[in-house]
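Dear colleague,

A short account of what was found in it comes after.

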2 protein chains.
Amino acid sequence: MTATQTTERTDARTVTLSIDAMGGDRGPSVVVDGLALSAQKNPDIRFIVHGPKAELEQLIARKRDLNGRCEVRDAAGVVSMEDKPSQVMRHGKGTSMFSAIDSVRAGEAEVCVSCGNTGALMALSMVRLRKIPGVNRPAIAVLWPSRNPNGFNVMLDVGADVRADEQDLLQYALMGASYARNGLNLSRPRVGLLNVGTEEHKGRAEMKAAHDLIAANAEAGTFDFVGFVEGGDIPSDKVDVIVTDGFTGNIALKTGEGTASLIRSFLKEAFSYSILSKIAALLALTSLKRLQKRIDPRRVNGGVFLGLNGTVVKSHGSADSTGVSAAVKLAFQLAQSGFTSKLAARVASAASLPQDALNSGDN
Amino acid sequence: MTATQTTERTDARTVTLSIDAMGGDRGPSVVVDGLALSAQKNPDIRFIVHGPKAELEQLIARKRDLNGRCEVRDAAGVVSMEDKPSQVMRHGKGTSMFSAIDSVRAGEAEVCVSCGNTGALMALSMVRLRKIPGVNRPAIAVLWPSRNPNGFNVMLDVGADVRADEQDLLQYALMGASYARNGLNLSRPRVGLLNVGTEEHKGRAEMKAAHDLIAANAEAGTFDFVGFVEGGDIPSDKVDVIVTDGFTGNIALKTGEGTASLIRSFLKEAFSYSILSKIAALLALTSLKRLQKRIDPRRVNGGVFLGLNGTVVKSHGSADSTGVSAAVKLAFQLAQSGFTSKLAARVASAASLPQDALNSGDN
């Protein structure tokens, strides 16, 4: 295969992604639909698809856009949403999830995408890909719709681990800044630490320790530290990267999603209240669709596992084809930017903190 | 004064509220405007207003609805938003905040309302009103717009304390259930414990301990325990009361507010995109106002301090007159239901847990 050049992306090259086709709430047909959507838009993308071979080949054969661009790897086992991570770690071999991660481990694919069980995916990823030197706890980062010009902020950890000490929070700051550089094209991201007030005396004692540690490493890490930020600042333009532990981050993420979903319901009810309001809704349709596109959770689908020798994108379990395609797009962007190796270099340098090594790269 | 009877509320009686007129971001005139709004709607309400006498009397004299219904207590000092709670605890005497709390302590007023510094208000309230027997950490509870028939859920703690152990979380469950009974008229509220997953093996170890303790006390506390809930469930109809520590609760609250505010901005932008969308907005105005009313944070203004010998309502510092009036309405409802003494009785009984005492009341 030869890399297809486009006018806007002169560095275009073929990227192969490893796809776990099983384990999502809607089954493999939705995953294959999502791959077809991505393939149609992006000529530089190839897939290794993991799951029951006969079933997958049948689904893929129906999609013209996937013709010659998918390789199927047979894996009979499926990790279910109910499976405990500890069990999957011991008995996960032979599942589509294990197989999908191993394609990244073997270097056949650059990034792995799965709609499966988050805990199991993280546990298997840690066992098979291993943590990069200098990282104690890997993290899951998400893009959060924001008032910033590019429309998104990065938040991590949103659920890899329920605890984080100040060293972990510093690593999250470094990894989050690296993600923002590669995923959002920000040369010097602004990093904030999530707390219950912006004054330095507020919050838990360990927050103060993390505050000071991150502040001391900001220059070497090539990011700006804006100090403490509050929940209301997550979607703001005061900050690009929000650092927190996985317990708080997961609750904030789901609270934000729940609030957006509640408002969507209220909006629908408001416009179906009477015949008149239904007519108004028809006239307002373009505006409402414009809004919907900006707050549609399917379009920002994909939590990225950071801190491993290989990048894994976790799609929502309930993702439809649009959601799967969004996760694939994110995986493609990260693969093409060479994110995994840049992140590893960034964290490795920070672990020893030699000024020159840190300031030389753009990773 | 005699209690004014209305047709819908046969138990109507005059309620006196204590108002800290100072310390809000917009100054005392907005507070007085808010009191006038409430007085106009509610003939059973009286106020003791604390702050600089001359200034307040001038503001009050301009409002016909407040004629004969306000008593002004002179207090020259003002607690600012920047003052540290520890300093206010030592040197707060003579401030309007101190004076407002003391009117509740003296039994002259039933509930105190302040737009001032939250930390200072909690610190002064704890010193002057004291914790009720059986409560280790007081909590701040808020009403959260939800899919439930009455439109709201209760969440606590949203920021009184950054930590809570399993005993504290049990007390929050009891206090939150009591608040839901008195504030939302739910005879048997459903209580959930906020966690990062609904499975019992998920989350931090202390969450499991709190889960089991609350479950064991649900029957005696006359509430239903629905177990763990996630961030997305806060506005849901699966639960009425959401229990969490003040760190997590504060971040969830502000994340929810920030998300709602972001969507309001996006909605505005979507409808001002072009001439056509502006015309559509005019036609959709009634529907949009219907939505606005449901997600307007001013209408659910008021965090309630629970666990003290006296109830204190904290209004947003940036509240306008509509917001102040909403906080006053909440304070009036709680006063009229005899909430403070019912809550104290509930927690006192739970501390020893005699089945009969707990099942006899409706508090």
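Predicted model: local features only at pLDDT ≥ 70, side-chain atom pairs only at ≥ 80, totals over all residues.

Residues are numbered from 1 along each chain as its sequence is written, chains are lettered from A and ligands numbered from 1 in the order in which they are written, and side-chain values use heavy atoms, with hydrogens and water left out.

Helix crossing in chain B

Helix 1 (residues 28–41) of chain B and helix 11 (residues 321–336) of chain B have axes that come within 7 Å and cross at roughly 55°. Helix 1 of chain B is therefore oblique to helix 11 of chain B (angles under 35 degrees count as roughly parallel, over 145 as roughly antiparallel, 65 to 115 as roughly perpendicular and the rest as oblique). Axes are lines fitted to C-alpha atoms, for helices over the stretch in contact, with angles from 0 to 180 degrees between N-to-C directions; helices (H or I, at least four residues) are DSSP runs, numbered from the N terminus. In the contact (heavy atoms within 4.5 Å), the residues of helix 1 of chain B include B:Val30, B:Leu37 and B:Lys41, and those of helix 11 of chain B include B:Ser321 and B:Val328.

Aromatic pairs

How many aromatic pairs are there over all chains? The count comes to 2, where rings of Phe, Tyr and Trp (its six-membered ring) pair if their centres lie within 6.5 Å, and planes under 30 degrees apart count as stacked, over 60 as edge-to-face and the rest as tilted. The ring centres of A:Tyr179 and A:Phe339 are 5.7 Å apart and the planes stand at 45°, so this pair is tilted. It links distant parts of the chain, with A:Tyr179 in helix 6 (residues 166–183) of chain A and A:Phe339 in helix 12 (residues 339–352) of chain A, 160 residues apart. A:Tyr179 is buried at a relative accessible area of 1%, and A:Phe339 is buried at 0% (buried means under 20% relative accessible area, exposed over 50%, partly exposed in between, with a 1.4 Å probe and protein chains only). For B:Tyr179 and B:Phe339, the centres lie 5.7 Å apart with the planes at 45°, so that pair is tilted.

A:Ala173

A:Ala173 lies in helix 6 of chain A and is buried, with a relative accessible area of 0%. Leaving out residues up to four places away in sequence, A:Ala173 touches A:Val191, A:Ile214, A:Phe223 and A:Val243.

With kind regards

Technical notes: Helix = DSSP H or I, 4+ residues; strand = E, 2+ residues; numbered from the N terminus.
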